[in-house]
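Please open the structure in your viewer and keep the selection panel at hand. The stops below say what to select next and what is there.

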Amino acid sequence: MSRTRRSPWSYGDPAGTRHRSAWLLVKLGVVLGPSPAFAWTLGSSTSVAWRKQSTSHAAAESRATPAVAKGCVLGSAGLAAVAIGLVGRSFVRRQLQSVRRVSRVITTAVPEAAGEATTEPKPGEQKVTPWEVEAEDGIDYDKLIKQFGCQPITQDLIERMERLTGKRAHRFLRRGLFFSHRDLKELLDAYEKGEPFYIYTGRGPSSESLHLGHLVPFLFTKWLQEAFDVPLVIELTDDEKFLFKQDLGYDEARRLAWENAKDIIACGFDPAKTFIFRDTDYIGQLYPVALQIQKRITLSQARNAFGFQGSDNIGKIAFCAIQSAPSFAQAFPSFLQPGMRCFIPQAIDQDPYFRMCRDVAQKQRWPKPALIHSKFLPALQGHQTKMSASVASTALYMTDTEKKLRKKINKHAFSGGGATVEEHQKYGAKLDIDVAYQYLKIWLDDDEELEQIGEEYAAGRMMTGEVKKRLGDVVAEIVKEHQEARAKVDDAMVERFFDPNRAELAGKWDGTAKKPSETSKAAEAESLPA
């Protein structure tokens, strides 16, 4: 990436503004300074020309004089600007000498990632960061795998997971929603040898309610926990949202985390194997690990990874270490043995955090966390961006009524069908851009029904309205079940999940794990549906 040296005064401070103003006056003077000579030359030339054409020398002089006078005025203004600019620049330069030295250090060490973080993607490009997801033609996940340096999830890996656990792979795996990984093979090798691991995932509490897309990592994590019979930690990053959202207060961030915990518990996690925490509550245990990470990540690395700007608060820069800390078992001394491996299900936009985390692990000789990445649940309006909790029309909330869910689907879900009935029946639907069908691929559990809908819709024998109606049925049932489960979650249950010292967690993961029997698991796997 090319690096353009940025002025030390370009980070939005008032002193930098004064410095630039002084330089502007100097430049203006340089432009206007030659004006007197130019004006006299122009006036003299004009005078000579008019002498030849006029019988009156006085008339020629009277016509040339105004041009000369205007040139003198402009030239005087230019010289004054030069003088003022030079004096002002000298004063500001002396006044800000110490600030300039600090700024020079920053600009020398940091590439121009900060500016890139706020630019719109060019046509055909895509932007995937922990805070922004945009792509004009939809996310190219194969391109992301190459860009991020991940590995694709193969059918062999899926079959091996089924063999080791004796359980059929979750539909999110079978249908490619989870599509890439880091070190999954190495994790399975260790598990097969009897080495224990734990799962870590999380949620940034930015809204009162989860939406349908937020359920993806939690439902998949629940399957992983049950399939491998391992402990789980869930981080609620209330500190992150407080730091990154200008209008969000500290107490409100903590309250949203508490409410989001109820939605997470409603997914059905086993309290005997699950610890949920807010960063602001558990920071005492996280901080020793976070410090080790902070010491080994430079400002330049953080800015390159996340595109921080000079105007960002320093809490944002330090937060990457807080989110990385739960990747290491020593952050949970009350129930995990230091050195246990970690497995992290996450959306692909969170990968930058854990690329840095894995680099630190290598330096510290800690086990690198293994990662598995999911695609985004697209917004109702199409694949250009993901479903967002902050844009109500793009999202299906877990608090929505059935009537509201169906209305959003019918009104906003982008259709890949034909513009007219005749066109649709002739050409069929484009399944890869049809949001209703893509949602059914995620949420409809019946493989045979999904295949039938795909065939009929692509052939034009099934209309868009029918597909949207079936999606409404499926989503309404999921949301209804979630609402019923959440209604049973009270504050006492949240406090139970928030307690890392409770007896049901202690003593279970002391470094020994049952080695899975390949033979017995294979026998169970043979009975799994194809």
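**Cores and a helix pair**

Start with the largest nonpolar core, which has 73 residues, and select Leu173, Leu212, Phe228 and Trp443, the residues with the most contacts inside it. A nonpolar core here is a set of buried Ala, Val, Leu, Ile, Met, Phe, Trp, Tyr and Cys residues joined through side-chain atoms within 4.5 Å, where buried means under 20% relative accessible area (1.4 Å probe, protein chains only). Helix α10 (residues 212–228) gives this core its largest share, nine residues. Apart from this core lies another, of 39 residues, including Tyr200, Phe277, Ala302 and Ala331.

This is a predicted model, in which local features need pLDDT of at least 70, side-chain atom pairs count only at pLDDT 80 or more, and totals for chains, interfaces and linings use all residues. Residues are numbered from 1 along each chain as its sequence is written, and side-chain values use heavy atoms, with hydrogens and water left out.

Next, select Trp443, which touches, among residues beyond four places away in sequence, Arg171, Phe172, Leu212 and Val474; contact means heavy atoms within 4.5 Å.

Then display helix α14 (residues 299–306) with helix α16 (residues 351–364), whose axes come within 9 Å and cross at roughly 150°. That makes α14 roughly antiparallel to α16, a term for angles over 145 degrees. Across this pair, Gln301, Ala302, Ala305 and Phe306 in α14 meet Pro352, Tyr353, Met356 and Lys363 in α16.

Finally, select Gly307 in the loop between α14 and α15 (314–324), a buried residue with a relative accessible area of 10%.

How values were computed:
Axes are lines fitted to C-alpha atoms, for helices over the stretch in contact, and angles run from 0 to 180 degrees between N-to-C directions. Helices (H or I, at least four residues) and strands (E, at least two) are DSSP runs, numbered from the N terminus. Angles under 35 degrees count as roughly parallel, over 145 as roughly antiparallel, 65 to 115 as roughly perpendicular and the rest as oblique. Buried means under 20% relative accessible area, exposed over 50%, partly exposed in between (1.4 Å probe, protein chains only).
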